[in-house]
Amino acid sequence: ALSTPDPLCHRFGALALANLATNVTNQIKLVQEGAVRALVDLAGGLDRELEARRYAVLALANLAATTGNHPAMLDEGVLQSLFSLSNAADELSQYYVAYALANLASNPANHAVIVEEGGLQPLIALSYSDDPETHHQAVAALRGLSVSDANKMKIVQEGGLEPLVMLLRSTDVETQREVCAALGNLTLSDENKYEVAKAGAVPALLGRAQSEDSEVARQACAAIANMAEMPENQLRVSEDAGIRPLIAVMRSPYVEVQREAGRAVANVAAHHDLHEELTAEGAPQLFISFLLSPDTGSQRVGALGVHNLATDPALREPLVDMGCLEPLMSLARSEEVEDEIQRFAVLALANVGAAPHNHAAMIDEGALPLLISLASHPDEEVRQYAAFALVKIGNNAEVRRRITEEGGLEPVLYLARTDD
């Protein structure tokens, strides 16, 4: 029917194929039977009837739901056919194009060719659509493409931030998920952290961080946490009144949300000027509670947060008074936690150990044998941090004698010989 000159045959033939392609088994068979070539020709035919082209794109979108069909579809030139209809006047055609591209962009193997053939501009344009279904599918495609490192900067450079930030205000939960996930992916790139914040994303993301939908909240917090790795953005979170709501979200009933909100606050805690506000809002106590969590991601966040706060001399004694020593030492001595958690835990111990007032409590808790044993840890950073901690607490003759007798002198001397 698609090979005849009759427009009605084109229309109903494409509609029939689109309906057949809603079935997974048929999707594979149709590609094997060569349907893609005919559909691509019809979809890309500027002289063909619009409705027939629209149904052809719908059929291609349905076929693209099966990842195994993607190579054959790309080989037949499906992308240019889809792009040719992306600026059609009717919303339904735009929706089908966005749907097809979202399916194709769900496969990382397609990311490079979609961008190389010019797919970003059509998707960005479709993201501005007033139709909720269309901009949802377009953003889903951008989210898929943003997984690839090579595309993160390109999406920003080609103008993808503006519609994404605009759609943070969407009331549709599915769209919110896609937008927050896309921004989370984009902000993994150091080059984008400042640009996303500059585009005004932080206030809207703070709102989404408080969503009742756990996926929206998690992705929003992750995007903020990524941006807060930059000192400029740490201040921006505070200026946008973000510290209090993020700390509130750390109490979420969902551990994956707690973890990302905690990571955002821990990164903000790297800025000394914000320690007073963080302390007033209860961040130290929450970080210590995270140290006790059975979730390893939360443990990492807690150790990072305590470490960052403990760089402040004014907070070293209060942190020990709040009970940080026992859980930090437990994580530091554990053979089951990740090396990164041990690093943060040992470095946090070194930081609180910089306060002489804390030395007696640390020694009473058994810090000396623990740190001496960690000075021989297989991980180089753990070894260095343990030696650093020994230096901090070895401020009197009796402690130095014990460090020497228990075998802690050599790691300290090694640390003294390093270039760092």
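To follow the helix pairs below, take each axis as a line fitted to C-alpha atoms over the stretch in contact, with angles running from 0 to 180 degrees between N-to-C directions. Please keep in mind that this is a predicted model.

Let's begin with a pair of packed helices. Helix H25, residues 339-352, packs with helix H28, residues 380-393, at an angle of about 15°, and their axes are 8 Å apart. Angles under 35 degrees count as roughly parallel, and H25 and H28 are therefore roughly parallel to each other. H25 passes H28 in a left-handed crossing. On the H25 side, the contact is made by Asp339, Gln342, Arg343, Val346, Leu347 and Ala350. H28 contributes Glu381, Val382, Tyr385, Ala386, Phe388, Ala389 and Lys392. Sorted by type, the residues of this contact between H25 and H28 are eight nonpolar, one polar and four charged.

A second pair can be read in the same terms. Helix H24 (residues 325-333) and helix H27 (residues 367-374) pack at an angle of about 30°, with 10 Å between their axes. That makes H24 roughly parallel to H27. The crossing of H24 and H27 is left-handed. Here Met329, Ala332 and Arg333 of H24 meet Ala367, Leu370 and Leu374 of H27. The contact of H24 with H27 divides into five nonpolar residues, no polar ones and one charged.

Next, how is helix H7 placed in the structure, and what packs against its buried residues? Of the 15 residues of H7, 11 are buried, so H7 is largely enclosed by the rest of the structure. The buried residues are Ser93, Gln94, Tyr96, Val97, Ala98, Ala100, Leu101, Ala102, Asn103, Leu104 and Ala105. They pack against helices H4 (50-63), H5 (70-75), H6 (78-84), H8 (111-116), H9 (120-127) and H10 (132-145). The length of H7 can be checked too: at 1.5 Å a residue, its 15 residues (91-105) should span 21 Å, and its end C-alpha atoms are 21 Å apart, which agrees.

In H1, His10, Arg11, Gly13, Ala14, Leu17 and Ala18 are buried. What covers these buried residues of H1 includes helix H2 (24-32), helix H3 (35-43) and H4.

Now for two single residues, starting with a backbone angle. Most residues other than glycine have a negative phi. Ala241 has a positive phi of about 60°, although it is not a glycine. Where does Ala241 sit? Ala241 lies in the loop between helix H17 (231-239) and helix H18 (243-249). With a relative accessible area of 53%, Ala241 is exposed, since the cut-off for exposed is over 50%.

Our last stop is Thr279, found in helix H20, residues 275-280. At 26% relative accessibility, Thr279 counts as partly exposed. Which residues does Thr279 contact, leaving aside its neighbours within four places in sequence? They are Pro284 and Leu315. Thr279 and Leu315 are 36 residues apart in sequence, while their C-alpha atoms are 8.8 Å apart in space.

Conventions:
Residues numbered from 1 in each chain as written. Predicted model: local features only at pLDDT ≥ 70, side-chain atom pairs only at ≥ 80, totals over all residues. Heavy atoms only, no water. Helix = DSSP H or I, 4+ residues; strand = E, 2+ residues; numbered from the N terminus. Parallel < 35°, antiparallel > 145°, perpendicular 65-115°, else oblique. Left-handed = near helix turned anticlockwise from the far one by under 90°. Contact = heavy atoms within 4.5 Å. Nonpolar A, V, L, I, M, F, W, Y, C, P; charged D, E, K, R; others polar. Expected span 1.5 Å × (residues − 1). Buried < 20%, exposed > 50% of the residue type's maximum accessible area, 1.4 Å probe, protein only.
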